[in-house]
Number of protein chains: 2
Amino acid sequence: MPHKNKPVLDEHSAAHVAELFRAFSDTSRVRIMSVLVKGEMNVSALAAVVGISESAVSHHMRGLRQLRLVSARKEGKEVYYRVDDPHIIELFLQGVEHILIE
Amino acid sequence: MPHKNKPVLDEHSAAHVAELFRAFSDTSRVRIMSVLVKGEMNVSALAAVVGISESAVSHHMRGLRQLRLVSARKEGKEVYYRVDDPHIIELFLQGVEHILIE
DNA sequence: CAAACATCTGAATATATGTTCATATATCGA
DNA sequence: TCGATATATGAACATATATTCAGATGTTTG
């Protein structure tokens with residue numbers, strides 16, 4: 001029996017996969033994530049550590065939050081971001097390892 | 001003993017990690033990869049399957065090749081591309097799974 | 001060699017994206 | 001309430017990126 005072999009990811013799914021990878025496709029976001037996979041941190045601390053403005057961090061966090069890659073916890077005036085999905089942590093670290101190993 | 005705790009990925013490494021993820025941050029490249037992780041395919045077949053021009057495919061493959069995410073095999077006039085690094089295949093599929101599961 | 005075919009390349013263009021700046025919102029302490 | 005601090009937002013701008021088009025390169029066959 002002939003067997004339909006067209007294993008191309010459909011446009012819609014592919015767009016979402018691309019969207020996920022795009023979240024980690026910027027140097028600043030990678031640095032932010034490299035901190036957050038170790039534990040939560042607030043916006044101004046992230047800005048200081050990564051070396052960009054708090055506004056820029058805030059913009060990045062919005063995108064990451066919309067994709068549910070990070071979640072936020074408000075404590076007083078500060079907002080702490082963290083990564084709680086283990087799959088996301090693993091995905092990110094796998095990308096980092098691929099670069100650092102060689 | 002105080003312990004230096006500044007686990008931010010350095011700018012240079014972060015840029016390379018971002019570059020890696022950026023390779024999968026486009027819908028067309030995701031669809032191309034979704035085929036290549038199953039086996040090799042030449043340019044015109046990829047163009048037909050993904051639904052973009054052969055020129056566009058060629059441009060994409062250049063970028064993927066430069067990052068050593070795919071390798072090329074020439075057979076007559078045709079060029080067959082494939083993914084031979086298992087870590088890359090795993091990284092890509094992990095991204096796909098994250099989207100398809102939920 | 002000539003013609004057909006597959007792939008590549010570079011310029012051009014349209015769109016996407018990251019950052020900055022100014023300002024808004026929110027929370028706390030005096 | 002007022003001022004200070006933390007974060008968010010939106011517009012503007014500069015850069016990056018994907019695709020198309022025209023043409024170049026390379027390969028096979030007549």
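The element that gives the most to the surface near DNA strand C is α4(B), with 6 residues, where helices (H or I, at least four residues) and strands (E, at least two) are DSSP runs numbered from the N terminus, and a residue is near a molecule or strand if its C-beta atom, placed from the backbone, lies within 6 Å of it. The model is predicted, and local features therefore need pLDDT of at least 70, side-chain atom pairs count only at pLDDT 80 or more, and totals for chains, interfaces and linings use all residues. Residues are numbered from 1 along each chain as its sequence is written, while chains are lettered from A and ligands numbered from 1 in the order in which they are written.

DNA strand C is surrounded by 24 residues, the closest being Asn42(B), Val43(B), Ser44(B), Lys77(B) and Glu78(B). Two or more residues of this surface are given by each of α4 of chain A and α3 (43-50), α4 and β3 (78-82) of chain B. By class, the surface near DNA strand C holds 6 nonpolar, 11 polar and 7 charged residues, with Ala, Val, Leu, Ile, Met, Phe, Trp, Tyr, Cys and Pro counted as nonpolar, Asp, Glu, Lys and Arg as charged, and the others, Gly among them, as polar.

Around DNA strand D there are likewise 24 residues, of which Asn42(A), Val43(A), Ser44(A), Lys77(A) and Glu78(A) are the closest. The elements that give two or more residues here are α3 (43-50), α4 (54-66) and β3 (78-82) of chain A, together with α4 (54-66) of chain B. The largest share of the surface near DNA strand D, 6 residues, comes from α4(A), and the surface is made up of 6 nonpolar, 11 polar and 7 charged residues.

Chain B can be laid on chain A with an RMSD of 0.0 Å by a turn of 180° and a shift of 0.0 Å along the axis, the copies being superposed by least squares on the C-alpha atoms of residues with pLDDT of at least 70 in both. The two copies are thus related as by a two-fold rotation axis. The same surface serves both copies, in that 100% of the contact residues of chain B recur in chain A; two residues are in contact if their C-beta atoms, placed from the backbone, lie within 7 Å.

Between the chains, 32 residues of chain B are in contact with 33 residues of chain A. On the side of chain B that touches chain A, the elements giving two or more residues are α1 (11-22), α2 (27-36), α3 and α5 (86-101) of chain B, and α1(B) gives the most, with 10 residues. By class, this side of chain B has 18 nonpolar, 9 polar and 5 charged residues.

The secondary structure of chain A comes to 5 helices and 3 strands, which follow the pattern α-α-β-α-α-β-β-α along the sequence. Chain A has a radius of gyration, taken over C-alpha atoms, of 17 Å, whereas a compact globule of 102 residues would have one near 13 Å by the rule of 2.2 Å times the number of residues to the power 0.38. The C-alpha atoms of chain A fill a box of roughly 65 × 30 × 20 Å along the principal axes. Of the 102 residues of chain A, 34% count as buried, a residue being buried if 20 or more other C-beta atoms lie within 10 Å of its own, exposed if 12 or fewer, and partly exposed in between, with C-beta atoms placed from the backbone.

In chain A, 3 strands form an open antiparallel sheet in the order β1-β3-β2, two strands being paired if DSSP finds at least two bridges between them. The strands β1 (41-42) and β2 (71-75) of chain A stand at the edges, each with a single partner strand, so one side of each is left without a neighbour in the sheet. Antiparallel strands β1(A) and β3(A) are joined by 2 bridges, and Asn42(A) stands opposite Tyr80(A) in β3(A).

In chain B, β2(B) and β3(B) run antiparallel and are joined by 5 bridges, with Arg73(B) opposite Tyr80(B) in β3(B). These two strands form a hairpin with 2 residues between them, and Gly76(B) in the turn has a positive phi of about 70°. Strand β2 (residues 71-75) of chain B is hardly covered, the count of buried residues among its 5 residues being 0.
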